[in-house]
Amino acid sequence: MIRRLAYAILVGLVGAGIVHIAILLMLPSFSERDAWSKLAASAEPYAVTRLAPAEGQPSVLRSPDPFFNAIACRFDLGEGIAHLTAEGSVPFWSASVYDRNGQNIYSFNDRTSANGSLDFVIATPLQMTEMRKNLPAEFEASVFVEADIGEGIVVIRSFVPDASWKPVISGYLDSVTCRIG
Amino acid sequence: MLKTVFLSLLVLAIAIGGGAASVWYALQAREGIGAVAVGPWTTFPDLGTPQADPYSKARIAREGVLSLGLTEGLTFIAQKDSDGGVLRRDCNYTIDGTFPPARFWTLYAAEPSRAVIQGGHLRPPALHSSEVLRRADNAVSIAVGRDPTQGNWLPVAGAGPMSFVLTLYDSPAASSSGIADVALPRIAKAACND
C-alpha cells in the first residue's frame with residue numbers, strides 16, 4: 001500500500017512538472033489580462049488611446065514614469081501597412097512596436113528621423129518589398145519599420161519635463177494619427 | 001477498485017494543483033532570470049522582448065505590461081541600499097554619484113506594485129536630470145526623505161518597503177554590450193524616523 005502511495009505521489013509530481021511547463025508556455029496566448037486585451041476592451045483598432053499618465057483619468061495601461069505621457073494604437077498588418085504621424089515637436093519622443101503578446105519587437109526614438117518629426121510606417125517584409133518598387137509620395141519622409149507580425153500595438157511616449165509642458169505634450173499626442181496607409 | 005480511484009485522484013490533484021501553484025509562485029517572485037546587477041541596482045535588458053525567458057514572457061502577458069524598448073530607455077530598480085538593507089519609506093537616504101551618459105534620466109520612488117509614491121507635497125514625486133543640481137565634478141547628490149532638504153530632494157512618505165526606479169533614456173549604455181560596466185550612484189541610508 002505504502003509503495004503504491006509513494007508511486008502515486010511520484011507520478012503526481014512528474015505530472016505537476018508537466019502542468020507547470022504547459023501553463024507557463026500557454027499563458028501568453030491565453031491571458032485575458034494582457035496589454036492587447038486591456039486595450040481591446042477600451043478602444044477600437046486604429047483608435048489612438050491615451051495611456052493615463054497619473055491620477056484622475058482611468059488608466060488603461062499604466063505608463064509608470066511620472067514624467068511621461070503615452071498613447072497606444074492597435075493595428076493589423078493583415079489589412080495593410082500602418083502609418084503614424086504627429087504634428088509639432090516635443091523635447092523627446094520614443095516609439096515601440098509590440099506584437100500581439102505584448103513583446104517589444106522594435107523601438108526607436110526621435111533621433112531616428114531626420115528632423116525629429118514623427119512620421120513612420122509599419123509594414124511586413126512582404127509589404128515593404130512591394131512598397132519599395134513604387135514608393136508613394138506621401139511616404140517620402142517616413143521612417144520604415146519592418147515587423148514580421150500580423151496584429152500589433154504601437155506605443156508613443158513623450159517626455160513632460162514639468163507641468164508647464166503638459167498642454168504642449170497633450171496637444172502633440174492628440175495630434176497623432178494612426179491609420180491604414 | 002476504490003483504492004485505484006483514490007490513487008488516480010491523488011495523482012491528478014498533485015499534478016494539476018502543484019503545477020498551477022508552482023507557476024503562480026514563480027510569477028509572483030520579483031527577481032528573475034536575465035537580471036543584470038550593478039551595485040544595488042538591477043535591470044532586465046531582455047524584459048518584454050522575444051529573447052526573454054518563458055517566465056518573463058508569462059509575467060508580461062499576465063500583468064499587461066508594455067515594456068520600454070532598449071532604444072527608448074533602460075530601467076534600473078534598486079530594492080536595497082548599497083549596504084544591503086531593504087529600502088524603507090520611513091527612512092532617509094542619500095543617492096550620490098555620477099550617472100551614466102544618457103539624453104536624460106528620471107528617478108522616482110515606487111511601491112512594491114511599481115506605482116509611484118506620492119510625496120504628499122506639491123512637488124512632483126520624481127526628479128529628472130535636467131532639473132537637478134550638480135557638483136563641480138558632475139556628480140549628483142539626492143536626498144530622499146519625508147522632510148524638505150536643501151539641494152536635490154526626492155519626497156517620499158508613508159511606511160513599508162519601497163524601491164528606487166532610475167530610467168536612462170536614449171542611453172549608449174543600453175546599446176553597448178557592457179551594461180554591467182556602467183557606474184551607478186551609491187544609495188546610503190542616512191537616518192530613520194521612528
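Student: Which domains does the domain assignment of chain A give?

Tutor: In this predicted model, the assignment divides chain A into domain 1, residues 1-30, and domain 2, residues 35-180. Taken over C-alpha atoms, the centres of domain 1 of chain A and domain 2 of chain A are separated by 42 Å.

Student: What pLDDT does chain A average, and over which residues is the pLDDT below 50?

Tutor: The pLDDT is the predictor's confidence in each residue, from 0 to 100. Chain A averages 87, and 93% of its residues score at least 70. Over residues 54-59 of chain A, however, the pLDDT is below 50, and this stretch has four contacts in the model beyond near neighbours in sequence.

Student: How many residues does the contact take from chain B and from chain A?

Tutor: The contact takes 42 residues from chain B and 41 residues from chain A. On the side of chain B that touches chain A, the elements giving two or more residues are α1 (2-28), α2, β5 (104-110), β6 (126-128) and β9 (163-169) of chain B. Of these, α1(B) gives the most, with eleven residues. By class, that side of chain B has 23 nonpolar, 13 polar and six charged residues.

Technical notes: Residues numbered from 1 in each chain as written. Chains lettered and ligands numbered in written order. Predicted model: local features only at pLDDT ≥ 70, side-chain atom pairs only at ≥ 80, totals over all residues. Domains from an automatic or database assignment. Contact = placed C-beta atoms within 7 Å. Helix = DSSP H or I, 4+ residues; strand = E, 2+ residues; numbered from the N terminus. Nonpolar A, V, L, I, M, F, W, Y, C, P; charged D, E, K, R; others polar.
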